[in-house]
Amino acid sequence: MDARLNYFASPTATKALKHLMAAGRTLKESPLPAATQELVALRVSQINGCAVCVDMHTKEAAAAGETSVRLNLVTAWREATVFTEAERAALELAEQGTRVADAADGVGDEVWARAAKHYDEEQLTALVVLVSFMNTANRLNIITRQPAGDYEVGQFH
C-alpha cells in the first residue's frame, strides 16, 4: 500500500505536525501513567483501525516493558483480568470518547465517575487530551492510507 500523501514532503503538513508532535511530547510528560497512555493510545487506534498507530503504540509499549499478554488483551479488556481498575476506567473512557457517534451523550456520567475515582484532575485532563489526540492522529493516517509495519521505537520522539 502506498500513502496518498507524504506528510514529510509538505511544508503545510510539516508546520502542522510540528505542533501535534509537541502536544504528544507534552502528554508523555503528563502525570498520567505511561503504561495507561500506551494502552489508551493502542485501544483508540484499534477502534479506529489505524494500523500505523497500532504498530507504533504496540512497539512503544513493549519497549517500555509492557507484556505481550496485556498488549494482546487490550481488544478484550472487559473480559481480561490483567488490567487494574484504573486502567479499565481509562480504557472505558477512551472507548466512549472515541465512539461518540454511537451514543448521543458521548462519555456517560458513570464512565466519567469511574475514571475520576482513579485519576486526579490533571491526569483526567491528560487522558481526555490523549483520546482526542489519538483520534486526530488516527484520522490523519487513515485518510491518507499511511502504511504500517516499519515503525521503530522512538522514531517520533
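Let's start with Thr144, which sits in the segment after α7. Helices here are DSSP runs of H or I with at least four residues, strands are runs of E with at least two, and numbering goes from the N terminus.

A word on the source. This is a predicted model, where local features need pLDDT of at least 70, side-chain atom pairs count only at pLDDT 80 or more, and totals for chains, interfaces and linings use all residues. Residues are numbered from 1 along each chain as its sequence is written, and side-chain values use heavy atoms, with hydrogens and water left out.

Back to Thr144. Is Thr144 buried or exposed? Thr144 is buried, because its relative accessible area is 4%; buried means under 20%, exposed over 50%, and partly exposed in between, with a 1.4 Å probe and protein chains only. What does Thr144 touch? Setting aside residues up to four places away in sequence, Thr144 touches Ala3, Arg4, Leu5 and Tyr7. Contact means heavy atoms within 4.5 Å. Val52 is 92 residues away along the chain, with 11 Å between the two C-alpha atoms.

Val52 takes us to the largest pocket. Val52 is among the residues nearest its centre, along with Met21, Met56, Asn141 and Phe156. The lining has 38 residues. The volume is about 900 Å³. How is a pocket defined? The search runs on a 1 Å grid over the protein atoms alone; a pocket is an open set of points with protein on both sides within 12 Å along at least five of seven lines, and lining residues have an atom within 4 Å of a point. Points are joined across faces, edges and corners, and the volume is the space filled by probe spheres, 1.4 Å probes, set on them.

Which helices supply the lining? α1 (11-28), α2 (34-48), α3 (51-63) and α7 (121-143) each give at least two residues. α1 has the largest share, 10 residues. By type, the lining splits into 20 nonpolar, 11 polar and seven charged. Nonpolar covers Ala, Val, Leu, Ile, Met, Phe, Trp, Tyr, Cys and Pro; charged covers Asp, Glu, Lys and Arg; the others, Gly among them, are polar.

Now α1 itself. Its 18 residues should span 26 Å at 1.5 Å a residue, and the end C-alpha atoms are 26 Å apart, so the two agree. The expected span is 1.5 Å times one less than the number of residues. Ala13, Leu17, Gly24 and Leu27 of α1 are buried. Their cover includes α2 and α7.

Next, α3. Its buried residues include Val52, Cys53 and Met56. The buried residues of α3 pack against α2, α4 (68-73) and α7. After α3 comes Gly65, with a positive phi near 105°.

On to α7, and Leu130 within it. Leu130 counts as buried because its relative accessibility is 6%. Beyond neighbours within four places in sequence, Leu130 contacts Leu27, Leu32, Gln37 and Val40. Leu130 and Val44 are 86 residues apart in sequence, and 9.6 Å apart C-alpha to C-alpha.

Ala115 is at 0% relative accessibility, so it counts as buried.

One record to close. An unreviewed UniProt entry lists residues 15-95 as "domain: Carboxymuconolactone decarboxylase-like". UniProt positions follow the numbering used here, feature names are shortened, and annotations may be inferred rather than shown by experiment. That stretch is 73% helix and 0% strand, with end C-alpha atoms 30 Å apart.
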